[in-house]
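Reader: Please take me through this model one element at a time, and give the cut-off behind each term as it comes up.

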Amino acid sequence: MKALVYVTLKKTVLDPQGATIARALQGMGHPEIASVRQGKFFEIEIEGMDAAQARPMLERIAEDVLSNPVIEEFRVELLQD
Amino acid sequence: MSEVTPEIVAAHSITPDEYQRIVSILGREPNLTELGIFSVMWSEHCSYKSSRVHLKKLPTRGRYVVQGPGENAGIVTLGHDAEGHEWVIAFKIESHNHPSFIEPFQGAATGVGGILRDIFTMGARPIAVMDALRFGPLDDPDAGARNRRILDGVVHGIAHYGNCFGVPTVGGETMFEPSYSGNPLVNVFALGIARRDKIFYGRACGVGNPVIYAGAKTGRDGIHGATMASGEFTEESKQKRPNVQVGDPFMEKLLLEACLEAMETGAVAGIQDMGAAGLTCSTCEMGSRAGTGIEIDLMHVPQRETGMTPYEIMLSESQERMLLVAHQGREQEVLDVFRKWGLDARIVGHVTGDGMMRVKNHGEVVAEIPARPLADEAPLYNRPYTKPLREAPMEAPAFASADLTADLFTLAAAQDLCDKRWIWEQYDFMVRTNTVLGPGADAAVLRIKETGTMIAMALDGNGRYCYLDPRQGARLLVAECARNLACVGAEPVGATNNLNFGNPERPGIMGQIVEAIEGIAEACTFFEAPITGGNVSLYNETLGEAVFPTPVIGLVGTMPLIEPPGIGFRASGRALYLIGGIGEAGETRMGGTQYAKQVLRTLWGLPPEIDFEAEKRVQAAVREMARSGAVESAHDVSDGGLGWCLAECAFPHEVGARVELDSSLRPELLLFHEGPSRVVVSTANPALVEEIAARHGAPALRIGETGAGELVVSNRGAELLRVSVRELKQRWSAALEQWLHAGQEIHA
């Protein structure tokens, strides 16, 4: 089973990197780009565990390790084989 | 607009009395936006309502002072350039303690950003930063892992912001005590220079002048950060977390260049950064200082998010923003400069003559408050105080050292005294290439090309001394700062202070505050180092446990262009002198020392005594020795006493010393007492050192000479210490990383 974890800055938190990307895109001839927010993406392979067990574990990992809960939020997706 | 209920008032940390005051100022009930505005302006953080009564005792005038407290930063004079223009130094210290606990990296980073804006909003280019940091012990069985994480985040945050912005972090100090476990202290001391005729003030002058918003867009960052910074932490604080703002140092660098360039055009009448309490604070303070009013319409404020309410826009603490007042008819010049640097800049309103801070949203008035009462008539509390809180015993325990060399190794590995290279090597301390003495020196020294002179900066605090006796502790640390300046050849011209304490509503804590301020006032008056500004951080408590009272003093000095002595012995065979002599010490006065803390692991008694007159003579002598090149090294005796001072002198070039003392003090006291007014110097010209000392009336005790790779200390023929400098240095250099990695085996 494969898990996808998306970590992004909370909506209310400034994203200097995303803003820089947006400015770069606008400067490269894409005036239609209004804003960009960037984040992190994790692909995690899991063995010997079903989705019901995996999800709470992944959410704990995402909260403790993969994200900084003070300024970031995350979303976990599970892909069955 | 939603109705203001007593619950909402309480949630804004406004007391019923304060609410009545608001009603009488307005002549009516406030709406929610107005309540929010009052709550941030009247928070402890912005109004100093508990400390102001006592802050008035500080000396603020002196022959070098150009601008005292009340502006964004204090200003002292520096000197003249080749063309006859006078240059000045703008400097200030500010805390970012609470945000650094909640989110160490961003909290510390935005702390650096905030104080840099305070400097360049005066028209000065920031040229140096120092930091005073306090954390809980890294090996604490319960809080150790969190303390290590906070230290790591804070140091990275300071490095990130300072390095990206391009200002050198030239020094600082890092100390550890259990009381900082739940309340780390992050105090940032920044300094910049400007031509005196190009200083700008945060004043909204000239009725009809346009008000310009410049810099980053406004988001929902740090809403109510200022009130958060004035409330104790409880378990509920976790819910306050989204308040933390994220900084963008590259944006700040653009803002710096744009502001300085806009000022050059001559089209700017006044300017103030938006720090704590954001747009609210900058509008009402600028109006209040100039005796004018400001009217703005929030529809013109650049916004990062949609659907923001007036309340949110006014209270947002988004970083990297400035408010400017332009001369009428010249606003386009200002806007063009900001556009050139790729920054948002919009006209959001204008200066009025009615003294009101009037906020509209799409033409509709959403807040209307007299600016002066809002900015300057916050309630002042002369809070009741008692004897300063302390629980340490006065009596010394019985103690005796079996092995003084082993004690020295204990000090070398101690968190307070060990090599802080791991911290400062993450900072760019050479950028701008003016750093003559950087981290590890008694005082940082910067070359100033404009005036052909030098600036020295010293930063000190000592929570243990101040816990035992806040007044005496404060007096000692001002004296130490001045002594640090003397060691590099500089003379004090001004000072800034950061007062970090617990909850002022507790009389014992208020007693600490009052005593410490009075101690600072006495010492700053004596050493002619007027306080030109600073910061007060109260409510540094978690679950009822307050931090040790920790006033931090930053002293600025000036000096001619010289090659200042460093702390390290440079060569063998040089004569060693202890300027100031052995000093006096008793068991009671040993209780606050590093020896008591690291070797005996306890705290008692009182901090050392100090004779200001004797201190001044020592400083005058050492200053002249440093300036005249009479000494090759100079290092003051402070934390860890004479024994540790000699070790620190030996480390840089791995040059040892043979020291023979003649004292009736018992060995533990002789080596480790922390009596002030003492400086160890090494010299190739003993006659000159003795002549200078004699002329200033300072004792110059010849204690031995430098040599080889061993540090050997004896007293009246009995050997007390014999240690290989290299071995001791290895212990000292390796210690911090060992403490930082202490927890890893457990997780592995």
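**Chain A, then chain B**

Author: Read from the N terminus, the elements of chain A follow the order β-α-β-α-β; helices (H or I, at least four residues) and strands (E, at least two) are DSSP runs, numbered from the N terminus. This is a predicted model, in which local features need pLDDT of at least 70 and side-chain atom pairs count only at pLDDT 80 or more, while totals for chains, interfaces and linings use all residues. Residues are numbered from 1 along each chain as its sequence is written, chains are lettered from A and ligands numbered from 1 in the order in which they are written, and side-chain values use heavy atoms, with hydrogens and water left out.

Reader: Which strands of chain A stand at the edges of the open sheet, and why is one side of each left without a neighbour?

Author: The three strands have the order E2-E1-E3 in chain A, with antiparallel pairing, where two strands pair if DSSP finds at least two bridges between them. Each edge strand has a single partner strand, so one side of it is left without a neighbour in the sheet; these strands are E2 (39-45) and E3 (72-79) of chain A.

Reader: What angle does the direction of helix H2 of chain A make with that of E3(A)?

Author: Axes are lines fitted to C-alpha atoms, for helices over the stretch in contact, and angles run from 0 to 180 degrees between N-to-C directions. Helix H2 (residues 51-66) packs on the sheet and touches E1, E2 and E3 of chain A, contact meaning heavy atoms within 4.5 Å. With the direction of E3(A), that of H2 makes about 155°.

Reader: In chain B, how many residues of helix H3 are buried?

Author: Buried means under 20% relative accessible area, exposed over 50% and partly exposed in between (1.4 Å probe, protein chains only). Helix H3 of chain B covers residues 32-41 and is mostly covered, with Leu32(B), Glu34(B) and Phe38(B) among its buried residues. The count for H3 is ten of its ten residues.

Reader: Which residues touch the most other members of the largest nonpolar core?

Author: A nonpolar core is a set of buried Ala, Val, Leu, Ile, Met, Phe, Trp, Tyr and Cys residues joined through side-chain atoms within 4.5 Å. Leaving aside neighbours within four places in sequence, the contacts of Phe338(B) include Ala214(B), Leu255(B) and Leu324(B). Of the 74 residues in this core, those that touch the most other members are Leu324(B), Val334(B) and Phe338(B).

Reader: Which residue in the turn between E12(B) and E13(B) has a positive phi?

Author: Strands E12 (residues 356-361) and E13 (residues 364-370) of chain B pair in the antiparallel sense over six bridges, and Met357(B) has Ile369(B) as its bridge partner. They form a hairpin with two residues between them, and the turn residue with a positive phi, about 50°, is His362(B).
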